[in-house]
Amino acid sequence: MEFSPTEFVKETVQSVQDYSLLAGRSVANLFLQPRYFADMIQQADLIGFGSLPIVVLTGLSIGAELALNSANTLQRFGSLSLIGQLVSVGMVRELGPIITGLMVAGRNASGMASELGSMVVTEQIDAMRALGTDPMKKLVTPRVVSTVFMLFFLTIISDLLGLFGGSLVSVFLFRLDWRQYWNTAYQILVFQDVFMGLVKPLFFGFIIATIGCYYGMTARGGTQGVGRATTQAVVASSVLILTVDLFVTKFLMAVFAYR
Amino acid sequence: MAAPPTAIEQRVPNEADAAANIVVFENVSIAFEDKPVLDGISFRLAKGETKAIFGVAGSGKSTILKLTLGLLKPDAGKIHVLGDDVTQMRENELFDLRRKIGMVFQESALFDSLTVRENVAFRLLEEGNVSEDEIEKPVREALSFVELEDTVDKFPSELSGGMRRRVAIARAIITHPEILLYDSPTGGLDPVTSTTIIQLIVKQRDVYKTSSLLVTHRLQDAFMMATHYFDRKANEMRPLPPGAPGEVPMAFLILRDGKVIFDGDAHELAQSKDEYIREYIS
C-alpha cells in the first residue's frame, strides 16, 4: 500500500486523541459510580505482589552494579568511603524509579495489552458493553489505580534493595564498614531527593497502565493484532517513561532550585 | 393465492409509530474503511415478533445487531430501540438501555476468566446489592432452561462450542430482557448441536415471547424456527401442522449488497420471485 503522509498524520493525531480520552476517562471514573474496589484489589495483587520477584532481583543487581562500577573511580581519588552516598543518590533519585518502571512496564503493560486485546478480538469487551457494564470503569480504571499505587511501593522496595545490594559489594568486596556505608547513604539524602524519587513512580505507573490498556482496547486483527498490541505497549510505555523522566527531573530540579 | 409481499418502501415506519415498535431502523447506512456495508436499510421489529436476518458473510448482519445495541454508530439514518433513538444517545445513557436487551454473540463471548456461574450472573452482580445466595436461584433457573445446570462451576474453556453457546443464551435471558439479539447462534456448530440451539431459541420464543432479532447465514435454521413450535408438555420442539401459524409471529429479512431485498413472513418468502432468494430457498 502506498504511504500517504496525510493519512499518517491523521492516524497519529487520532491515536493521540484516543489515548488522551482513555487516560482522562480512567481518572474521571474515580469520581463516578460504580467503583470497582474488588477489581482494584485483585489488580493490585497481580501487579504489585506479582512484580515483586523481578523488582527485588533488579533492584538488588542495579545497586550492586552501581557500587561495583563506581568503586574503581572512587578508589583512584581515595574516596571509596563515598560509595554509600553515590549508590543512595543514584538509586533513590533516578535508577530505582526508572528500573522499577521499566520492569513493571515489561511485565504489566504487555500483560494488560494482551489480556484486553484478547478480550476485544473475542468480543468480550462488546459483550461487557452489551451487558450494561462500562469496560472503562470495570477494566481500565482499576488497572490504572492499582499500577500507580503499587509502583510507588515497589519503587521504595527497589530503592532499599539497591542500597542493600550496594552495601553487600562495599562490605564484602571492598572491605568497607557496614555502618559507615549506611550512615553516609542515609545522611546524603535530602527531602528533594526522596520527593523526586517518589513522584516519578506516580507518573510511570499512570503511563504503564494507560498505555497498556490503550493498546489492548484498540487491538484489531485477531491474534496477530494482539501480539502487535503487546509489543507496541511495551515499546511505547518504555520510551514514554524515559522521556517523561527527563522532563519530570528537569521540572523538579527547577522547582527546588536543585543542585 | 397468497398476497404479494409488501413493498419494502411501504414497510418503512413513520415518526408516529417509531415508538410503538420495539426496534425501528430508518434509512441506516454504515461503511467500514470507505466500504459501504449497510446502504440505507429500513425495517422494524414489532413487539413479540421474531425476525431472522439472513445474508451471506460480510453482508452486515452482525452490524445490524451491534447498531441496535449502540455498540456502533451509523453514518446516516435513525435507529429507535424501545422508543429511544440510540443514534443520539451517549455511551453512559446507552448502558441503561442495554440492560433491557440480551445478546448472544457469534462466538459466545463468555468471559474466560469467570466461571459459568459468574458469567451467567454477570448482569445481576453488576447491577449490585445482591449476595452470592440471591444470584444462585436465577442462575440455576437460566442454566436449567438451557439444560446445563451441572456446568455451574466450570470455566468456559472446559465447555464444548455448543455448551458455550447455551451458556451465552442463559447469560442473555437471566434478567428476562425485552429484546433478544442472536448473532449466528449456530455458526460453526455441527448439525445436531445446531438443532439443539435452534430448539432452545424456539423454546425461548414460545415460552417467554421475547421480541428477537436472529442473524444467521443458514436459511434452514430460520425455516426450522418458522415451521416448528415448542411443546411444553413434551419439552421438545415439534413441527407445526401444515399451514398453521406459530404462537409467535416470525419474519424474515434478507440482505444483499447492503440493502434489504426481502422483509416478510415465511409464506411470502416461499412466494418470492427474486432469483437470488429462490436460489437460497430451493
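**Close-up views of a predicted two-chain model**

View 1. V23(B) stands opposite L45(B) of strand β2(B). In β4(B), the residue opposite V23(B) is V81(B). The model shown here and in the views that follow is predicted.

**View 2. Strands β1 and β2 of chain B.** Strand β1(B), residues 23-32, pairs with β2(B) in the antiparallel sense, and the pairing runs over seven bridges. Besides the V23(B) and L45(B) pair, F25(B) is placed opposite F43(B) of β2(B). The two strands make a hairpin with two residues between them. In the turn, E33(B) has a positive phi of about 50°.

**View 3. The open sheet of chain B.** Four strands form an open sheet in the order β2-β1-β4-β5 (chain B), and their pairing is antiparallel. The edges are taken by β2 (35-45) and β5 (84-85) of chain B; each has a single partner strand, so one side of each is left without a neighbour in the sheet. Between β1(B) and β4(B) the antiparallel pairing extends over five bridges, and the pair V23(B) and V81(B) belongs to these two strands.

**View 4. Helix α3 of chain B against the sheet.** Helix α3(B), residues 61-69, lies across β1, β2 and β4 (76-81) of chain B. Relative to β1(B), helix α3(B) runs at about 115°.

**View 5. The two domains of chain B.** Chain B is divided into domain 1 (21-100 + 180-187 + 201-282) and domain 2 (107-176). The centres of domain 1 and domain 2 of chain B, taken over C-alpha atoms, are separated by 24 Å. Four residues from domain 1 of chain B and four residues from domain 2 of chain B take part in the contact. On the side of domain 1 of chain B that touches domain 2 of chain B, three residues are nonpolar, one is polar and none is charged.

**View 6. The largest nonpolar core.** This core has 77 residues, and those that touch the most other members are I53(B), M103(B), V120(B), A170(B) and L181(B). Helix α8(B), residues 161-173, gives the most to the core, with seven residues. Domain 1 and domain 2 of chain B both give residues to this core, so the core lies between them. In soluble globular proteins, nonpolar side chains tend to be buried together.

View 7. Apart from its neighbours within four places in sequence, A170(B) is in contact with V120(B), A142(B), L143(B), F145(B), V146(B) and L148(B). One of these contacts, V120(B), is listed with A170(B) among the residues that touch the most other members of the largest nonpolar core. A second, separate core has 35 residues, including L116(A), M150(A), C213(A) and A219(A).

**View 8. Chain A as a whole.** The secondary structure of chain A comes to eight helices and zero strands. From the N terminus on, the elements run α-α-α-α-α-α-α-α. The C-alpha trace of chain A spans about 65 × 45 × 35 Å along its principal axes. Chain A has 259 residues, of which 43% count as buried. Of the contacts in chain A between residues at least 6 apart in sequence, 88% join residues at least 24 apart.

**View 9. V89(A) in helix α3 of chain A.** V89(A) is found in helix α3(A), which covers residues 83-121. Leaving aside neighbours within four places in sequence, the contacts of V89(A) are I188(A) and D193(A). Y215(A) is 126 residues from V89(A) in sequence, and the two are 35 Å apart in space, C-alpha to C-alpha.

**View 10. The contact between chain B and chain A.** In this contact, 14 residues of chain B meet twelve residues of chain A. On the side of chain B that touches chain A, the elements giving two or more residues are α4 (91-98) and α6 (122-127) of chain B. Helix α6(B) gives the most to that side, with three residues. By residue class, the side of chain B that touches chain A divides into eight nonpolar, one polar and five charged.

Technical notes
Residues are numbered from 1 along each chain as its sequence is written. Chains are lettered from A and ligands numbered from 1 in the order in which they are written. This is a predicted model: local features need pLDDT of at least 70, side-chain atom pairs count only at pLDDT 80 or more; totals for chains, interfaces and linings use all residues. Two strands pair if DSSP finds at least two bridges between them. Two residues are in contact if their C-beta atoms, placed from the backbone, lie within 7 Å. Axes are lines fitted to C-alpha atoms, for helices over the stretch in contact, and angles run from 0 to 180 degrees between N-to-C directions. A nonpolar core is a set of buried Ala, Val, Leu, Ile, Met, Phe, Trp, Tyr and Cys residues joined through C-beta atoms within 7 Å. A residue is buried if 20 or more other C-beta atoms lie within 10 Å of its own, exposed if 12 or fewer, and partly exposed in between; C-beta atoms are placed from the backbone. Domain bounds come from an automatic or database domain assignment. Ala, Val, Leu, Ile, Met, Phe, Trp, Tyr, Cys and Pro count as nonpolar, Asp, Glu, Lys and Arg as charged, and the others, Gly among them, as polar.
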